[in-house]
Amino acid sequence: MVRIMIQVPVTVKAKLDAERTRGTIAAGLIRHLLEQHFKGKKAA
């Protein structure tokens with residue numbers, strides 16, 4: 001695994017924080033979304 005740093009608007013950060021109260025951490029959610037985005041796409 002490698003680490004990346006991203007910047008998000010305050011409104012998005014607030015939504016990520018709200019998800020954490022439901023048991024979802026930001027890193028896990030972002031990782032899941034990236035995996036779904038690239039799923040089925042062929043590498044260039």
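K13 and D17 form a salt bridge in this predicted model, with the closest N and O atoms 2.6 Å apart. The two residues lie four places apart in helix α1, which means that about one helical turn separates them. An α-helix has 3.6 residues a turn, so residues three or four places apart point the same way. K13 counts as partly exposed because its relative accessibility is 42%, and D17, at 38%, also counts as partly exposed.

A search of the whole structure finds two salt bridges. The other pair is E19 with R22, where the closest N and O atoms are 2.4 Å apart. E19 is partly exposed at 26% relative accessibility. R22 reaches 60% and therefore counts as exposed, the cut-off being over 50%.

The two pairs are set out below.

| Salt bridge | Closest N and O atoms |
|---|---|
| K13 and D17 | 2.6 Å |
| E19 and R22 | 2.4 Å |

Helix α1 covers residues 10-21. Its twelve residues should span 16 Å at 1.5 Å a residue, and the end C-alpha atoms are 17 Å apart, in agreement with that expectation. After α1 comes G23, which has a positive phi, near 100°.

A nonpolar patch on the surface is formed by V2, I4, I6, V8 and V12. Together these residues have about 480 Å² of accessible area. One of them, I6, is located in the segment before α1. Because its relative accessibility is 53%, I6 counts as exposed.

Key: Residues are numbered from 1 along each chain as its sequence is written. This is a predicted model: local features need pLDDT of at least 70, side-chain atom pairs count only at pLDDT 80 or more; totals for chains, interfaces and linings use all residues. Side-chain values use heavy atoms; hydrogens and water are left out. The expected span of a helix is 1.5 Å times one less than its number of residues. Patches are made of residues with over 30% relative accessible area and no salt bridge: like charges are joined within 9 Å, nonpolar side chains (Val, Leu, Ile, Met, Phe, Trp, Tyr) within 5 Å. Accessible areas come from the Shrake-Rupley method with a 1.4 Å probe; for residues, only the protein chains shown count as cover. A salt bridge is a side-chain nitrogen of Lys or Arg within 4 Å of a carboxyl oxygen of Asp or Glu. Buried means under 20% relative accessible area, exposed over 50%, partly exposed in between (1.4 Å probe, protein chains only).
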